[in-house]
Amino acid sequence: MKLPSALLGALEIGINQYLSGDSEALKRCAALQGRSLAVHLTDLDLEFVFLPHANGLQLVDQLSDAADVRLSAKLPVFARTLFAGDESSVLGAGLRIEGDVGLAQGFARMFQHVDMDLEDWLEPRVGEMPARFLGQALRGASAFARRAASTLSLDTAEYLREESRDLVHREEVADWTHAVDRLRADADRLDARMRRLQNK
Amino acid sequence: MTDQTSQDDSIDFGYEQVPRGEKVARVGAVFDSVAGQYDLMNDLMSFGVHRLWKHFTVQLSAVRKGERVLDLAGGTGDLAAAMAKRVGANGLVVLSDINGSMLSRGRDRLADRGVVNNVACAQINAEALPFADASFDCVTIGFGLRNVTDKPAALAEMHRVLAPGGRALILEFSKPQIPGLSRLYDAYSFNVLPRLGKIVADDEDSYRYLAESIRMHPDQDTLRDMMETAGFARCGYYNLTGGIVAVHRGFSV
């Protein structure tokens, strides 16, 4: 399936606006100039190609030659990989990678390290004061969401350990692992001693 | 659908064939006539959608602060004004047009909007640009290429003045891609537009020329091929409003 050209253009515009908020991201784009990365969304049967340049990324629906690297996965897997905050995740996130793996990591790094100044981006669009207000509100909402997610994660873990007893404490696991290791070592020593006695 | 080759004596002026040297004067007369009502007619003819087409073009250019932009056939300066905002105080936008009436109106409109510090105006022919090689980061031409006599020459000049990495954007009427839209579009173009021109600008013929010149303009694929022939790389186009308008883009590498 191909995206309509206007939609492809709109997608490119959106991505470039996101990248343009961080001059370092554009430098990383420029460093990748001349390379190409094809993305195949298997669940939508949709493919497009990213071509980096100094001002961002160009999106095309096909290239005359094969792209330097081609990634295939479902859309949620791509989203998770790009915004996971860990460039090494590109290798282990269930993506099928054909071609230059280092280049795929370079692209992932470009997206993951974008440090967008939201207020700077909003200011020419809505004015200085609304931009500051919106920026603070979004930062507050983001911090709240992070705290809420962290609290939910801790509470869920505590419930599974203390109430339902489906999970055990990390210390209990460590003690059990140590006990297994000690038992294995003791068995090995006993085995060695038995062999020595049999040989006498 | 295409121009005559450079060797031929005649060229299209709408559906009419005129001597090659005459087209500039005839097109000039059309724009001298419509300059006063140009913006109003654009809004009426496109129901205001031309603003979205121009916005899309400017966004697609990905022009950044400090860059240099040449706007050819800039008319009343819509693209130039938007570009001036993007390039900032350290950038430069050259608003140009071959027609003095249109350029004068564009310069006045930019001044009225307070866009003056980073904009220069130049009355120039797109087929022979008076700029050094690699002078600009971006060249745009909005609804102007179809009026150019020698389109391959204009495209070659656009490519010449672009620095490596620079891009050219051509916003122009094109061939509708949605089945059934062509018939509706033709009915509108040849019946409504000239009457609208008669009522608003008291000039029916100029708006008939507009409709005819759109039909004679190269379609999407032909124009993309022409850009590649002119030396542009990574050429592509984006159909807007069902292909009534297309934005072509090519890079200088």
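Questions and answers on the structure follow.

Author: This is a predicted model, where local features need pLDDT of at least 70, side-chain atom pairs count only at pLDDT 80 or more, and totals for chains, interfaces and linings use all residues. Residues are numbered from 1 along each chain as its sequence is written, chains are lettered from A and ligands numbered from 1 in the order in which they are written, and side-chain values use heavy atoms, with hydrogens and water left out.

Reader: What radius of gyration does chain B have?

Author: The radius is taken over C-alpha atoms, and the globule rule is 2.2 Å times the number of residues to the power 0.38. With 253 residues, a compact globule would come near 18 Å. Chain B agrees with that, at 17 Å.

Reader: How much of chain B is buried?

Author: Buried means under 20% relative accessible area, exposed over 50%, and partly exposed in between (1.4 Å probe, protein chains only). Chain B has 253 residues. The buried share is 57%.

Reader: Which residues touch the most other members of the largest nonpolar core?

Author: A nonpolar core is a set of buried Ala, Val, Leu, Ile, Met, Phe, Trp, Tyr and Cys residues joined through side-chain atoms within 4.5 Å. The largest one holds 51 residues. Those touching the most other members are Met45(B), Val93(B), Phe173(B) and Val245(B).

Reader: Apart from that core, how many residues does another core have?

Author: Its members include Val77(A), Leu95(A), Leu103(A) and Met110(A). The count is 28 residues.

Reader: Is Lys54(B) buried or exposed?

Author: Lys54(B) is found in helix H3, residues 50–61 of chain B; helices (H or I, at least four residues) and strands (E, at least two) are DSSP runs, numbered from the N terminus. Contact means heavy atoms within 4.5 Å, and Lys54(B) touches Asp78(B) and Phe143(B), among others. Its relative accessible area is 12%, so Lys54(B) is buried.

Reader: Which residue forms a salt bridge with Asp78(B)?

Author: A salt bridge is a side-chain nitrogen of Lys or Arg within 4 Å of a carboxyl oxygen of Asp or Glu. Here the closest N and O atoms are 3.0 Å apart.

Reader: How many residues apart in sequence are the parts tied together by Arg167(B) and Glu67(B)?

Author: Their side chains meet in a salt bridge (2.8 Å, N to O). Arg167(B) lies in strand S7 (residues 162–173), and Glu67(B) in the loop between H3 and strand S3 (68–72) of chain B. Both residues are buried. The parts that the pair ties together are 100 residues apart.

Reader: In which helix do Asp191(A) and Arg195(A) both lie?

Author: Their side chains meet in a salt bridge at 3.1 Å, N to O. The two are 4 residues apart, about one turn of the helix. Both lie in chain A, in helix H8 (residues 170–199).

Reader: How far apart are the C-alpha atoms of His217(B) and Arg146(B)?

Author: His217(B) lies in the loop between helix H8 (204–216) and helix H9 (220–229) of chain B. With a relative accessible area of 2%, His217(B) is buried. Along the chain, His217(B) and Arg146(B) are 71 residues apart. Their C-alpha atoms are separated by 5.6 Å.

Key:
Lists of a residue's contacts leave out its neighbours within four places in sequence.
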